[in-house]
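Student: I am new to this model. Please take me through one part of it closely, then show me what lies elsewhere.

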Amino acid sequence: MPDDARARWQNGTGLGILLALVCTAVLLTALPDHHREGGGGCAARTLRSWSADAGLTGEFARYGDDATRTDDWTGGDGTHSVRLPDGRVLWLFSDTYFGQVHGPPNPVGESYAWRDAGAPLVRNSAVVMSRDGQLRTTLPAPLFPDPGPQQWRWPVAARVEPRSPGSAQQVVRVLLWTRTTGQAPWIYGVPTSTEVATLSLPDLRLEGITTVLDQRAVPDASRRVLFGTSAVDVGEWTYVFGGDDGQAASRPASKAYVARVPRGRLGEPGAWEYWDGSGWAVRARPAAVLGDGEHTGVGSAFTVVRDGGTYVLFTMAAGTAGLTTITSYWACSPTGPWHGPTRSFSPSLPQGEVAAYNPQAHPELSDGDRIVLSYDVNWLDATGAAAQSNISRNVSLYRPRFVTLRLAGPGS
């Protein structure tokens, strides 16, 4: 081969190799989310439409207003749910009111059903819904006893799992947030630890509670992370999301974090791994996957669903909009990057100085492209005294409300 021809061939070959390398690099750069753990085929997701779910909202109103018993649920927040193997749905609540509900008018002449101001308040409760969608029974409360003086437990996400890996017997694992009484700004308690409770099936008896992540050694309480506000099963893993209490430290938004656990092993602290910003580790300081503490971030509780290969996170918006507005983010991996906030919406609220909070998806009630989402309502008050008075004179305030959401992809 002549020298000039050989040179042209070598230069062409070199150029071809270079172009191939460049194309490969571009491809890998363009598709990082699709190949990160928990990813897959992924496209942007945003809210297409939403509508009030009067049926579910009305069912909780019916059950709460039933005056035939005084030892059952009449209102609560922190709404989470899990479907049991026999088709029932277990509803879990944080602070819950019991006692007698009286028909209108209330003592000040308003046309609201009401309860006595001294009605019993428990830190957590559980209500069982039958297979036909009717609320039937309140379990003895509190279902999860206080761990110590001035401490309490709030239940969050739950899963049905094998009692042990490979076992045919199933139990319910309930993630718990432990909080300790504190001074302002910690009027809702100082975050203390994440625990996992085990309930027997089918009788839903508490068998035990295990500490997963103790945060008492973290000196800045606003940086303590509690896990379990939401959980998503993908492949061999359960991804468990959590948040800090940045809002209590006067930041407009909290930050979101994620851990992973082999499916069926939520009750094993040694099986938990935490995202530290670059990888997963059993003993690691969790790194935030979403939130700059100002314009992006999450509320005190949020929820994550998986639509196709896309993760969608619903939360109250940052800043003052977070009192009325639910917004969303999307990602191709549980560790992000998270895109948004995208389209927001403001669900209906009753009249008065009230706020919405704690949006939670309920996959066991959702189907197809329909997502059932609940949100809680409470009276705005920095001390709690006015809130208790107002939600007693109008019992409909402190109960979950439901909406149906539908998502859309790019260009929809």
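Student: Leaving aside its neighbours within four places in sequence, which residues is Ser-193 in contact with?

Tutor: Ser-193 is in contact with Leu-176, Trp-177, Thr-178, Thr-211, Leu-213, Asp-214, Gln-215 and Leu-226, its neighbours within four places in sequence being left aside. Contact here means heavy atoms within 4.5 Å. This is a predicted model: local features need pLDDT of at least 70, side-chain atom pairs count only at pLDDT 80 or more, and totals for chains, interfaces and linings use all residues. Residues are numbered from 1 along each chain as its sequence is written, and side-chain values use heavy atoms, with hydrogens and water left out.

Where does Ser-193 sit? Its place is in strand 13, residues 190-199. Helices (H or I, at least four residues) and strands (E, at least two) are DSSP runs, numbered from the N terminus. Ser-193 has a relative accessible area of 6%, so it counts as buried. Buried means under 20% relative accessible area, exposed over 50%, and partly exposed in between (1.4 Å probe, protein chains only). One of the contact partners is Leu-176. Leu-176 is 17 residues from Ser-193 along the chain, yet their C-alpha atoms are separated by 8.3 Å.

Now follow another buried residue. His-362 lies in the loop between strand 23 and strand 24. Why is His-362 called buried? Its relative accessibility is 1%, which means it counts as buried. The side chain of His-362 has polar partners. It makes a polar contact of 2.8 Å with the side chain of Ser-374. It also reaches the backbone oxygen of Gln-360 at 3.3 Å. A polar contact is a pair of N or O atoms within 3.5 Å; within protein, one must be able to donate a hydrogen and the other to accept it, and residues adjacent in sequence count only if both atoms are side-chain atoms. Beyond four places in sequence, the contacts of His-362 include Thr-79, His-80, Ser-81, Trp-91 and Phe-402.

Strand 3 (residues 80-83) pairs with strand 4 (residues 89-93) in the antiparallel sense, over four bridges. Two strands pair if DSSP finds at least two bridges between them. Val-82 stands opposite Leu-90 of strand 4. Five residues lie between the strands of this hairpin, and Gly-87 there takes a positive phi near 100 degrees.

Next, the sheet that holds strand 23. Four strands form an open sheet in the order 1-25-24-23, with antiparallel pairing. Strand 1 and strand 23 are its edge strands, each pairing on one side only. From one strand to the next, the twist averages 35 degrees. Six bridges link strand 1 to strand 25 (residues 401-408), in the antiparallel sense. Ala-52 stands opposite Val-403 of strand 25. Helix 3 (residues 54-65) packs on the sheet and touches strand 1, strand 24 (370-379) and strand 25. The direction of helix 3 makes about 160 degrees with that of strand 25. Axes are lines fitted to C-alpha atoms, for helices over the stretch in contact, and angles run from 0 to 180 degrees between N-to-C directions.

The buried residues of helix 4 (residues 385-393) include Ala-387 and Ile-391.

Three strands form an open sheet in the order 20-21-22, with antiparallel pairing. Strand 20 (303-307) and strand 22 stand at its edges with a single partner strand each, so one side of each is left without a neighbour in the sheet. Strand 21 (residues 310-316) runs antiparallel to strand 22, joined by six bridges. Thr-315 has Thr-327 in strand 22 as its bridge partner.

How many disulfides are there? The count comes to one disulfide. A disulfide is a pair of cysteine sulfur atoms within 2.5 Å. Cys-42 is joined to Cys-332, S to S 2.0 Å. The two cysteines are 290 residues apart: Cys-42 is in the loop between helix 2 (32-35) and strand 1 (46-52), and Cys-332 is in the loop between strand 22 (326-331) and strand 23 (354-361). Both Cys-42 and Cys-332 are buried. The torsion about their S-S bond is about -80 degrees, so the disulfide is left-handed.

Last, confidence. pLDDT is the predictor's confidence in each residue, from 0 to 100. The chain has a mean pLDDT of 89, and 89% of its residues reach 70 or more. Over residues 1-35, pLDDT stays under 50. Where pLDDT is low, the predicted coordinates should not be read in detail.
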